[in-house]
Amino acid sequence: MTLVPEVGTDWILGSTNIDEDLHYSSYFLRAATGNFGKDRTRYESLVSVYKSTTEHYFVRVTEAEIIARREIELVLTDSSDLGARLFELQDRIKGLERFGRKFSSVSHGGFNSRSDGVDFYRENDKRLRRLYALARVPEVLDRGKPWMTNYLREYVGRRVSEDPNSEVVTQVFLNHVLPRQPAMSVRRLLRRKDYDLLVRSVSESDLSNEDIEEISRSPGLAHQFMDPDSLSRIKILSEEISYLSYHGYTRRTLPTFDEFLQRFVQEVVRARRLGDLTVGLPAQLREGSKLPNFEPDPPHVMLFNMYRRISDLKLRRRMAQLRLFPALDDFLRFAAEFMGIRERALRFALPEELIGLLACPSRSLLNELVERSRGCVVAWDITGWRIETQPEALGRWTEHAAQVEDGPGGTDLQGEPVYPGIVRARCVLADRGSVSPGNRFDAESFVLVSEATELDMLDVMLSASAIVTARGGVTSHAATICRELGIPAVVGVRGVTDRVRPGMILEVDGGRGTVSIVG
């Protein structure tokens with residue numbers, strides 16, 4: 001008898017996460033099914049599938065729709081509950097940020113002792129449980145399908161008598177979900193204040209463009225050409241935000257100061273060539289006179305406001321977590337060495353299993369972790385979890401995931417529209433493992449196509465004329481960044497990375513959510 005539900009068409013994809021493992025994803029999945037406390041937004045059951053380093057998790061479509069629509073209706077009748085939850089979530093994210101700063105340099109030297117590492121892990125575990133008890137609440141609004149986005153687009157369409165999928169509705173919708181200033185998470189991501197101050201300092205210096213170009217190629221020359229004050233400020237900035245380039249699955253080192261300096265100078269070169277980057281609403285979206293008159297009623301004004309707050313908090317949460325990843329990876333490496341097991345296997349232990357193993361290693365559990373790491377299916381509900389490693393169950397669910405993600409054939413692909421604009425340019429196919437910090441590629445205009453994007457791909461994202469991802473929803477990291485910065489984008493284009501090749505000419509219509517292979 002299998003320990004997990006049978007595959008069926010009622011199970012739709014909640015999310016696909018690349019470079020993921022059972023250990024870390026269990027926080028969200030357990031919170032989502034009520035393991036960290038009962039909640040009206042909890043799912044009765046979820047199924048997650050792990051194969052290689054990719055996770056898929058599934059939710060029942062009917063349940064996902066009922067919960068999402070109920071939450072939308074509650075916001076429209078009384079927004080105070082969700083508003084209070086988002087304020088509390090923001091406080092918990094701030095707490096995780098403060099905790100992360102204490103351990104931002106751990107990966108360089110490791111923990112001083114085993115007890116220090118265990119203390120760190122226990123505190124991290126406690127904070128993540130508290131975080132996800134709330135962080136998963138706004139997630140129900142776009143799990144499986146973009147329920148909240150679709151609702152708002154339909155609302156706009158009715159009010160302006162347009163098709164909800166038209167570009168007119170997209171622009172009206174964006175006029176009401178984009179802030180007039182970049183969200184807090186994006187301002188932090190772009191380091192606007194420090195970036196502008198440093199660019200101004202360098203621009204006002206007597207360094208020629210040739211000097212800057214030379215420094216960008218040989219960062220060691222910066223110590224000779226740049227003034228000490230600028231170098232000192234760059235040093236402080238590097239210590240604050242270098243964690244954004246960390247990726248534990250491909251790069252387990254934070255950039256050196258010279259590497260960060262080279263990246264910064266490349267940004268200065270780009271700023272001198274293109275002018276200062278204006279972040280916020282692009283001109284075509286500020287010109288409301290060209291769009292139909294649209295004034296949402298007060299409850300829907302609140303819903304639009306909630307939409308952008310949710311996107312901002314999701315990105316900010318990810319940044320707070322990323323700051324802790326170097327220390328967490330270092331601890332897992334240490335724990336794996338202590339137990340004499342591969343780290344990959346240890347990443348399939350639940351947090352309490354890991355704590356128990358550190359106190360008293362169990363050979364039977366260690367053997368089970370090895371089996372889980374080869375591929376497993378997990379059923380989650382309020383009673384806990386059931387893990388199945390039998391090849392038959394894994395095969396059925398893996399095949400279901402492949403069918404869900406396999407897009408239609410042909411040269412015209414469809415996804416979720418994120419930001420309007422039509423771009424025709426050559427394709428650059430990239431993923432996290434192939435993009436290094438500071439890499440913007442040589443093409444002046446290109447379409448970035450990726451399975452998904454993460455914060456360590458920010459440099460190449462900022463250089464792209466358009467962005468297309470195979471996975472992710474309308475409040476994903478890629479979607480949030482593209483909306484805030486005005487980059488035409490389409491997400492959730494199933495099968496796009498199998499259909500396109502580097503150098504192909506693609507036409508991306510971010511308002512209609514289409515990607516066409518034209519050459």
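Buried means under 20% relative accessible area, exposed over 50% and partly exposed in between, with a 1.4 Å probe and protein chains only. The model is predicted: local features need pLDDT of at least 70 and side-chain atom pairs count only at pLDDT 80 or more, whereas totals for chains, interfaces and linings use all residues. Residues are numbered from 1 along each chain as its sequence is written, and side-chain values use heavy atoms, with hydrogens and water left out.

**View 1. Y50 and F348 form an edge-to-face pair.** Rings of Phe, Tyr and Trp (its six-membered ring) pair if their centres lie within 6.5 Å; planes under 30 degrees apart count as stacked, over 60 as edge-to-face and the rest as tilted. The centres of the Y50 and F348 rings are 5.8 Å apart and the planes stand at 85°, so the pair is edge-to-face. This pair links distant parts of the chain, 298 residues apart: Y50 is in strand β2 (residues 46-51) and F348 in the loop between α16 (343-346) and α17 (351-359). Helices (H or I, at least four residues) and strands (E, at least two) are DSSP runs, numbered from the N terminus. Y50 counts as buried because its relative accessibility is 1%; F348 counts as buried, also at 1%.

**View 2. Y24 and Y27 pair within helix α1.** A search of the whole structure finds 17 aromatic pairs. In the pair Y24 and Y27, the ring centres are 6.1 Å apart and the planes are at 65°, so this pair is edge-to-face. The two residues are 3 apart in helix α1 (residues 22-32), about one turn of the helix, and both are buried. An α-helix has 3.6 residues a turn, so residues three or four places apart point the same way. Y24 and Y27 also belong to one aromatic cluster with F28, Y57, Y132 and F325.

**View 3. Helix α1 packs on the sheet.** The open sheet has 5 strands in the order β1-β3-β2-β4-β5, with antiparallel pairing; two strands pair if DSSP finds at least two bridges between them. β1 (11-18) and β5 (384-388) stand at the edges with a single partner strand each, so one side of each is left without a neighbour in the sheet. Neighbouring strands are turned by 20° against each other on average, direction ignored. Strand β4 (residues 376-381) pairs with β5 in the antiparallel sense over 5 bridges, and V378 has I387 in β5 as its bridge partner. Helix α1 touches β2, β3 (54-60), β4 and β5, and its direction makes about 170° with that of β2. Contact means heavy atoms within 4.5 Å; axes are lines fitted to C-alpha atoms, for helices over the stretch in contact, and angles run from 0 to 180 degrees between N-to-C directions. Of the 11 residues of α1, 11 are buried.

**View 4. R323 is buried in helix α15.** R323 is in helix α15 (residues 298-339) and counts as buried because its relative accessibility is 7%. Not counting residues up to four places away in sequence, R323 touches E97, G100, R101, E240 and Y243.

**View 5. Several helices cover the buried residues of α17.** In α17, the buried residues are P351, E353, L354, I355, L357 and L358. Their cover includes α1, α5 (114-135), α15, α16 and α18 (363-373).
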